Amino acid sequence: MKTSDWAQFFFPIALILIGYDKVNLEVQCRFGLDIPTGMVNEMSDRLYVGIDLGTYQSTISSSAGASHTIETIVGRPKDPVARNFLGRDVLFGNDALKNKLACNLYRPMAAGVAQDDEANLAAAKAFVSHLLETVDPEEYDEVFGVICSPSHVSFTDKSNLVATLRGQVNAIMVVTEPFATAYGIEEIAGSIVVDIGAGTTDIARIHGTFPSDEDQITIQEAGDWLDLALMELVVKKYTGAQVTKDMVRRWKEASSYVGKETKEVMVELSVEGKKQVVDIGDLIVEACESIIPLVGNAIKKIVATADPEYQPVLRNNIILSGGGSLIDGIAARMAEEISDIGDVNVWCVEDAINSVANGALKLAGEMPDDMYTAIN
Ligand SMILES: Nc1ncnc2c1ncn2[C@@H]1O[C@H](COP(=O)(O)OP(=O)(O)O)[C@@H](O)[C@H]1O
Ligand SMILES: [Mg+2]
């Protein structure tokens, strides 16, 4: 046989063999059959993750396409009886909340991650491990993470954060939430990002590079503050009403709004043990309106202290993000509030809950390795 005849004979067979192998692997993957992990690793050996560690809730997004949001809360069984009943030593997010009477609850990010607070530090560690486990890091050779931490977490807290991640990721980069948001939605050229979270509102000028400390203002008025304001209003109007912070937060999340018109919002209250259905629409708008001038003034300050040539660009691109940006009508209302500084354009990010983690993930994949700090 001539060489070309051999080729004619073997080439189709080789194709069939390769094709078979591909199909076979696909079938194995799809049906979750046992695949030697080496085969998966060869294709993608580094996993990138973007982590938004929030006071209230945290989100992780991975380059493999996974994304999870969990309330930043950790529960530990109160005693051996609770431990036996629950069947586990530590509970996270919703699971912890559902079993709150049998647990000691920790909100590790709300408390900060201070060195001397063993219980909260351990809770933070457990929480971060749990968050990472949800994206299957063990299937990869190495994990590179970009972490956004709440602005009130201080420098020493940050070294604790790094310590909590040691052994779980290989390299990390810590960035601020507003910067991650701006990067994710490709607005780093010139914008002001206003992240209205639970514990704080962080306002940052973004102009093409990582913002410095002078580019950011943090105020304490945010979601939690709003909850307390609304709670006070409810208790004042309905004497003897028994309300918890969680109840008030749920009402706010379901019906928050700003503007001139008052809407009806019916809720069920217990007044001295007796059920009562009342309209709190006027109180919701009063509480939500009360945060507008405070955030508005902080935005004006960030504009006023910017390079004057840049101020028109910044005024024209004010982006609201974080859970607080879900207040109905907030962008238009904020634009009206700060209109005395000139023409402004205020808008809300599309995906308020995931925008920070998505931006962090985008940064993770696009930054060169030397921007990371190796931590193993
Ligand atoms: N629809 C809504 N209206 C007003 N506030 C909301 C809404 N949804 C969520 N929030 C509030 O947003 C805050 C959480 O926002 P988030 O950006 O996740 O905060 P953090 O980053 O501090 O965890 C909470 O105070 C929550 O009650
Ligand atoms: Mg946040």
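This is a guided tour of the predicted model above, one selection at a time.

Residues are numbered from 1 along each chain as its sequence is written, with chains lettered from A and ligands numbered from 1 in the order in which they are written. Because the model is predicted, local features need pLDDT of at least 70 and side-chain atom pairs count only at pLDDT 80 or more, while totals for chains, interfaces and linings use all residues.

**Whole protein.** Display the cartoon: there are 13 helices and 16 strands (DSSP runs numbered from the N terminus, H or I of at least four residues for helices, E of at least two for strands). Of the 376 residues, 37% are buried (20 or more other C-beta atoms within 10 Å of a residue's own; exposed means 12 or fewer, partly exposed is in between, and C-beta atoms are placed from the backbone). Among contacts (C-beta atoms, placed from the backbone, within 7 Å) between residues at least 6 apart in sequence, 68% join residues at least 24 apart.

**Ligand 1.** Select the 18 residues around ligand 1; Gly54, Gly197, Gly223, Gly322 and Gly323 come nearest (near means a C-beta atom, placed from the backbone, within 6 Å). Helices H8 (223-237) and H9 (245-255) each supply at least two residues of this shell, and H9 gives the most, with three. Coloured by class, the shell has four nonpolar, ten polar and four charged residues (Ala, Val, Leu, Ile, Met, Phe, Trp, Tyr, Cys and Pro are nonpolar, Asp, Glu, Lys and Arg charged, the others, Gly among them, polar).

**Ile280.** Ile280 is buried, with 25 other C-beta atoms within 10 Å. Leaving aside neighbours within four places in sequence, Ile280 is in contact with Val234, Trp251, Val265 and Val267. Val265 is 15 residues from Ile280 in sequence and 5.5 Å away in space, C-alpha to C-alpha.

**Nonpolar core.** The largest nonpolar core has 85 residues (buried Ala, Val, Leu, Ile, Met, Phe, Trp, Tyr and Cys joined through C-beta atoms within 7 Å). H10 contributes the largest share of this core, ten residues. Those with the most contacts inside the core include Val49, Ile51 and Ala360. Select Ala360: beyond neighbours within four places in sequence, Ala360 is in contact with Gly50, Ile51, Asp52, Val146, Cys148, Val175 and Ala180.

Strands E7 (residues 142-148) and E8 (residues 171-175) pair in the parallel sense over five bridges (pairing requires at least two DSSP bridges). Cys148 stands opposite Val175 in E8. E8 and E16 (residues 373-374) run antiparallel, joined by two bridges.

**E5-E4-E6.** These three strands form an open, antiparallel sheet in that order. E5 (91-92) and E6 (103-106) are at the edges with a single partner strand each, so one side of each is left without a neighbour in the sheet. E4 (residues 74-77) and E6 pair over four bridges, and Leu105 in E6 is the bridge partner of Gly75.

**Helix H12.** Finish at residues 330-337, where Ile330, Met334 and Glu337 are buried. They lie on the same side of H12, because they cover an arc of only 55 degrees around the axis (taken from the directions from the helix axis to the C-beta atoms). Their cover includes helix H10 (281-304), strand E14 (318-321) and strand E15 (346-348).

Terms used. Two residues are in contact if their C-beta atoms, placed from the backbone, lie within 7 Å.
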